[in-house]
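Open the model in your viewer and keep the selection panel at hand. We will walk through it stop by stop, picking something at each one and looking at what surrounds it.

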Amino acid sequence: MNCELLATCSALGYLEGQTYHKEADCLESVKDLIRYLRHEDDTRDIRQQLGAGHILQNDLLPIISQHGSDKALFDACVRLMVNLTQPALLCFGKIPDDPAFRHHFLQVTSYLQAYKEAFANEKVFAVLSDTLYNLLQLEWEQRQEEDNLLIERILLLVRNVLHVPANPDEEKNVDDDASIHDKLLWAVHMSGFDDLVKFLASAQSEQQWCMHVLEVVSLMFRDQTPEALVSAGHTRSAQEKNRDLLELEVLRQKEQAEKRSRTLQRGTRHSRFGGSYVVTGLKSVGDNDVIYHRGLHNFKNYTHDSGKAVRRVPKKKRQAQDCDSKRRSALNVRLFLREFCVDFLENCYNHLMYLVKEGLIREQAQQHDETYYLWALSFFMAFNRGNGFRADLVSETMSIRAFHFMERNITNYYEMILTDRKEATSWSRRMHLALKAYQELLLTVNEMDRSRDDTIRQSSNVIKSNIFYLMEYREIFLTLLRKFDETKQPQSFLKDLVESTHLFLRMLERFCKGRNNLVVQKKKVKKRKNRSQKKSSNSETNPEVLEETWKIVSEELRASAFQLSGSLTDSLVPFDAASEVPMEDQRSEAMVRVQDSLLARLGPEALGLLRAAREVWPEGDVFGSADVEPEEELELLKQILHATLPRSAPPEPVAEEEEDGAEYEEEELESVQVSETDFNFLDFIKRFANPAIIRPYLLLLKTYSQNSPHTNHCIARMLHRLAVDLKMDALLYQLSVFSVFNRILSDPAAAAYKELGTFAKFVVNRFLVVAARNDKAYIELLFWKNVGAVVEMTEGYDKNRGGSKKVAWTEEEEEELRTLYLEHCDSEVPDIVETLLPLLSSGLRTRRQVVVQLVHMGLVDSAKQLKKQKIGTGIVLWTEQQEDELQMLYDEFKDSDDVLGNILKKSTAKRSRARVVDKLISMGLVSERRQLYKKRSSGAPRKSSGKSAGKGMTEEDFLADLTVGQIDDDDDDQEAEEEEDFSESDEEEIVEPRERQASTNGGPGKKSMESTVGKMPNVGTILRALRQEGLSGPLLWLQNCLNRTASDREEDDVSQPVPLVPLTEENEDAMEKRSFLKLLRKLGLRAPANEQETFWRIPEKLSPSQLRGAAAALAPREELPAGGEEPQVPGSPNQEHQEVVSSHEQRSEALRALLLARKTRPRSNKTDGMLGNVTPSSLIPVLTPSNGLFSLCHGRSPQEKTSVKRSRVLDDDDEDEDADTEENGPTAMEMDNDGDSDRETVSAPAKRRRQAALIDDDDDDDD
C-alpha cells in the first residue's frame, strides 16, 4: 500500500475487540480517502489497495455502527462506501480485453464480493434503516438538501451491495442452501429495510426515489423465479408431482438403455485380442479398404473423423451463451420474498410503475433504466397470474400503451444489435427482457379470457381486437424469427420466442373462430416525391367497419366507467398557443384528431381529447356542454366518428430555381400507405412457410432432450401447421431435419417424446411417397427449399412454371411475316424490322419477337443482321466541304430564333448537337454556347406575377382572359421544353409496341411487370428518347459502371465516390447531352462539385442494392400493359396539351362559380371573413357550431391534373407485401396513376420506422 494512503488509513482509528476507537482526525482522513479515489488511475490502484487492506470491513462499517450519532462522520463514511462499492463494470466502462486490465477488473470484483459478505450483518442494516426512517419522518418543508442527499446515498449503497455478482466457485452452495445473497436479504428483512422500500414505492410525497426503489427491488429478486416464490410454503400440486415423475421416468429409461448397451458390448468370455477386420466397400485414405482394429459391437460408431483435431470455431461464429443462473434460495428467504411480492402488488405496483413509465417517456431517467421496468412488469405480472390472478393489481401495465411500449423497445434493441456490434450481447439481453415482458402481457390477456367476471373478459376482447388489428403486433414474431441470429441471441431467447409465437397464434386462431370476418389494418411503405401534385384522398370507411369500431370503442369506455388515467389526461393538449394557425383552424384540427383516435380504436384518448377541447372552446357547445352526461358524450363521439370532417391538405413545397436552369432534384420522402383488409388466418400461417423461419425451430428442436415438454409441444405444433394444415411437408425434407428425427426415434426415452416421434414418422412416410415418383428427391434433401421449390419437387419440374411462356406463331402469321419480309428485303429502308412492325395484322408483336421468328424461319442467318443502326456516331472528322457547308448555314440562319436547330436540320452530315457547337466555337463563328440558345418569342403574352398583375383589372376581365392567357403560357413552356429536346435527327422512329401478352388473371407476366415498375426509377421516358437518339451504347456503358461499382462495394465493404470516365468518343458525346445528364440526376449521380472536378461521380451514399436497382432501371423493357391500344407516353405533347386544357377549363368554371356566389350572396361581416381566405383552387372548410354539435361549410375544389409519376424505389421491398398487393387490389403504381379510382388509400409522410427496418430487411423468395 502507498505510504501516504497507509498513513491516512491508520489515522481513521483502530478496532479493539468489538469496540472501535476513532482518532481525532478521523473525519478528515475519510475525506482524504474520498479525494484519493477521485484521482486514481485507469487500473483503479487506490480502490485495489483499500480493498486489500480491508478498510471497509475493519474501519468503515464499525464506524457507522458505533459512531452513527456523529452526523458529519456518518455522511462522509456513507459517501466513501458508495464510491468503494460501485460496480466494477462502472469503474472500467466495460469488461477489458487486455489481459492486464482484465486482471485488475477481476481483482476489483473479488473485493466487491468480500464487501457484500461483510454487509450481510443485521447491525449494519439496522443502523441504515434507523437513519433512513428518521429522515423519512421529516416533513418535506423540514428536510434540508443534505437530508435528501443522504437518503439517495443510502439507497445507492444498498443497490451497489445487492448488485455485486455471486461467486459460485467460492460459495459452492446447492439449492435450498443459504448463499451470501440470501444472507444479505435476510439482514434487509430483519432490519425492516424492506418495509421502508415499500413505503418509498407507495408514498405520494416520495416520488423522486421511484427509479432507485425499482432498482433495489429488481436486485433483491435477481436469482428468483415467480413460479418458485408462488409455490413457497405450499404443498406440491398433483400437476407438479406428475411432472417430477415424468422426469424421473425419462432418466430411468435412459439409464436402463445404457445398461443394455453395455451388456451387449461385452463378450461371453474375456479375450485380450479384439481382432482386426477389413471393411469391404469403405475406402481408407488410399485405394485400399479400411482395416478396423476394434470389436464389431463398436463399429456402428465408426467415423473417419475419429482421432482428428477438433476444428476451432471462430469467436464471431460461436453460439451465444445463457448468462442467467437461477437457483432456489433457502425456504425462509423465499417465504419472506413471497410476502413482499403480495404486499408490493397490493399497495405499490400500479403507483410505482406509473411513475417509472412517466419518467421513461419524459426521458428523466438514466440510460438503459427501462430494463428495470421491463423486468418488473414480467416478474410481478407472472407472480400475479400464479398467485390467484387479480386483474386490478396490474391494471397500470395492462393496456394497449404497454403493448406499444414493448414493441417499440424490441424494434429499437434489434436496430442497435445491427449498428452497435461491439455491444451486441448487451443489446440482445435487453431485447430478451422486452420479449419476456411482451410474452407476459399476452399470458395475462389469455388469463383474463378465463375470468368469471364479464367486465374482465370484455376488456380482454378490446385489447385483443386492437393488437390483432394493427400490423405491428401481428408481424413482430415473424420478424424476430426471420432475424434470429444464434451468435448474438442465446438459446433461452429462442425458447421464449417460440413459446410466445405459439401463444399468439393460438389466441389469434381462437379469436378468428368466433367471428365470420375479421378486418385488420395493413400498411405498405412506399416512396413519393415531395413535389408530387397528386391529390391524396382519404379512404372511404365502410359503414360495417365503422359499426365494428364503434362497438369496440363504446365497450372499452363503458368498461372503464368513462374514467381516464392522469397520465393520459395530462398528455392530451388540443391547442397550441405558440402556433401561427388560427383558433378556428385549430378547433377543426382538434375535431379531426378526435375522429382519428376513434378510427384507431383508442377510445380513452378520443374521450380525453374531447374533454380537453371542451375546456379550450366552451363557446357554442361545439364539443358538448360543460355539464354533459357520460352517455351524451358517448353519443357525441358516435356522431363525430360517422361525420365527414374536412381535412387540410399538406402544404406544397416550393421549388427553388437553380442558376444554371438545370432541373431541380426532387427529394424522396417515405409515406405509409394504410388500408384495411379481411384477415384470413390460413393466409397468415403461410407467412411462416419460409426456410428462414423453420431454421430457428430446427435449432431448438436439436436440444429436444433439454427442452421442457411445453417447448417441444410448441415446436411440434408449428411444424404440424406447416406440414398438415398448409400441406407443405416438403419444407421439412432436409437432411438436418431428418437427422434430428432419427435421434428422436432412436432415443431410449422415446416414449417421453411421443408427439415428436409421431410427427417425425409422418414426415418420413410422406417423403418416401414423394421419393417413389421423384428420382431427385434424395438430392433435394441437401438443400433448404422455398415454396416454389416445394411445388416443383412434389408436382414435377416444369421449365415454364413461374416464367413467361413462349408466344406461339400461327401458320397464318408466319406466312404473313414471310410475305412482308420478301417484299421489303430488297428495299433500301434503314431498318426493315421497324418497317414490318406496323404492317403486321397483330399489333402485339415486339421487335425482339419478330427478329427471333425471322431467324427461326431461316429468312435471316443471325439477329445481328437486323440490329438497329446507330445514328450520328459514324462520322468523326470534319472534311473541308463540311466546314464550308457549316459556315454557309451559319451565315444563313445566324439571325433566326433557333440557329442551332436550323443548322442541324439543313446539314447533310448528321452530327450530334454538342459536336456542331464545338465546331462553331473552334471556327470562331461564336464565342460562347449561350449565343446558340433558342430565342423566345416576344409577342406571346407572359404571366404576371405579384399584386401589380391585377391592377386595374376586374374579376370579369380576369375570368374572360384566364383561359387564353394560360394556354399561351403553356405554349411557351412547351417551347422551352422543346428547346431542351436533344434529338439527334429528324427521322421519325416508330415506338416499338410493348409486349401485351401478360395474362389478365394476374399471371407471371403481369406480376413481373408490376414488380419491375414498382422497383425502378421513373426513367422510362428518358430512356426511350435516348435510345431513339442512338445512345444505346452509352446506356450500356453506364449500366456496366453501376454494376461494377456495386460488386466492388460488396466485396470491399468500403464506399468511395467513383468517377464516370468516358473513354470513347461516343460516351464523351453522351456526357455532353443535357438529356443524358438529366438521366444521371434521376439515378442519383453527382455532378462535378467545383472547378477541380471534371467527371460525374457515383456518390458513396448509394448502397450496392441501390446501384443494382438503378442498373436494372437502365435495362430495356419491352412489355406493355394489357390493353388494346398503345399507351401514350406521359410526357407526350398531345397528352399534356389535353390535360392542360382540361385543367384550365375546370379552373375557369370554378372561378366563375365563385364570382357568381359573391354577387348573389348577401355580404355580411361573417361571410366576408369566410370568403376572404378563399383561393381559386379550393375553398377552405369552416367549422361552425350548430345545435350543440357542429356543421360543416366547405366548397368543392376542382380536380387537379394527376401527375403520372411512379415511385422511385432503389432498395428491395418485401416480396410478401408485393404478393399481398397483387391478390387484394391494384398496385401502388396503379393507384397513383388512376385518379378516378374508387379504391382510395390514406397516405401520410413519415420517417422510416423501426418495424420497417425489421420487416423489409429480407426478401422472402417463397414465390
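Helices (H or I, at least four residues) and strands (E, at least two) are DSSP runs, numbered from the N terminus. This is a predicted model, in which local features need pLDDT of at least 70 and side-chain atom pairs count only at pLDDT 80 or more, while totals for chains, interfaces and linings use all residues. Residues are numbered from 1 along each chain as its sequence is written, and side-chain values use heavy atoms, with hydrogens and water left out.

**The whole chain**

Start with everything shown. The secondary structure comes to 54 helices and 11 strands. Of the 1263 residues of the chain, 42% count as buried; buried means under 20% relative accessible area, exposed over 50%, and partly exposed in between (1.4 Å probe, protein chains only). Contact here means heavy atoms within 4.5 Å. Among contacts with a separation of 6 or more, 76% are between residues 24 or more positions apart.

**Stop 1**

Select Ser29, which is found in helix H2. Is Ser29 buried or exposed? Ser29 is buried, with a relative accessible area of 4%. Beyond its neighbours within four places in sequence, Ser29 is in contact with Thr8, Ala11 and Leu12. The C-alpha atoms of Ser29 and Ala11 are separated by 6.4 Å, although these residues are 18 apart along the chain.

Now widen the selection to both helices. Two packed helices are described by the angle between their axes and the distance between the axes. Axes are lines fitted to C-alpha atoms, for helices over the stretch in contact, and angles run from 0 to 180 degrees between N-to-C directions. Helix H1 (residues 3-10) and helix H2 (residues 26-38) pack at about 145 degrees, with their axes 9 Å apart. The crossing of H1 and H2 is left-handed; that term applies if the near helix is turned anticlockwise from the far one by less than a right angle, and right-handed applies if clockwise. Show side chains for Glu4, Leu5, Thr8 and Cys9 in H1, which meet Ser29, Asp32, Leu33 and Tyr36 in H2.

**Stop 2: a strand residue**

Move to Leu282 in strand E3 (residues 277-283). Leu282 is partly exposed, with a relative accessible area of 28%. Leaving aside neighbours within four places in sequence, its contacts are Asn288, Asp289, Val290, Tyr302 and His304.

**Stop 3: two loop residues with positive phi**

Pick Glu363, in the loop between helix H17 (349-361) and helix H18 (370-386). Its phi is near 55 degrees, a positive value in a residue other than glycine. Then jump to Arg601, in the loop between helix H26 (583-599) and helix H27 (603-616), where phi is near 65 degrees. Glu363 is exposed, with a relative accessible area of 71%, whereas Arg601 is buried, at 5%.

**Stop 4: the nonpolar cores**

A nonpolar core is a set of buried Ala, Val, Leu, Ile, Met, Phe, Trp, Tyr and Cys residues joined through side-chain atoms within 4.5 Å. Which members of the largest nonpolar core touch the most other members? Of its 193 residues, they are Phe119, Phe221, Phe380 and Phe403. Centre on Phe221 and you will find it touching Leu229, Leu337, Phe340, Cys341, Trp375 and Phe379, not counting residues up to four places away in sequence. A second, separate core of 28 residues includes Cys1041, Leu1060, Ile1098 and Leu1114.

**Stop 5: an enclosed helix**

Select helix H30 (residues 691-701). Eight of its 11 residues are buried, so H30 is largely enclosed by the rest of the structure. Colour the buried ones: Pro691, Ile693, Ile694, Pro696, Tyr697, Leu698, Leu700 and Leu701. They pack against helix H22 (471-482), helix H23 (491-513), helix H31 (709-725), helix H32 (735-745) and helix H33 (754-773).

**Last stop: H39 and H40**

Finish with helix H39 (residues 880-893) and helix H40 (residues 899-906), whose axes come within 9 Å and cross at roughly 135 degrees. The crossing of H39 and H40 is right-handed. On the H39 side, display Glu885, Leu886, Leu889, Tyr890 and Phe893, which meet Val899, Asn902, Ile903 and Lys906 in H40.
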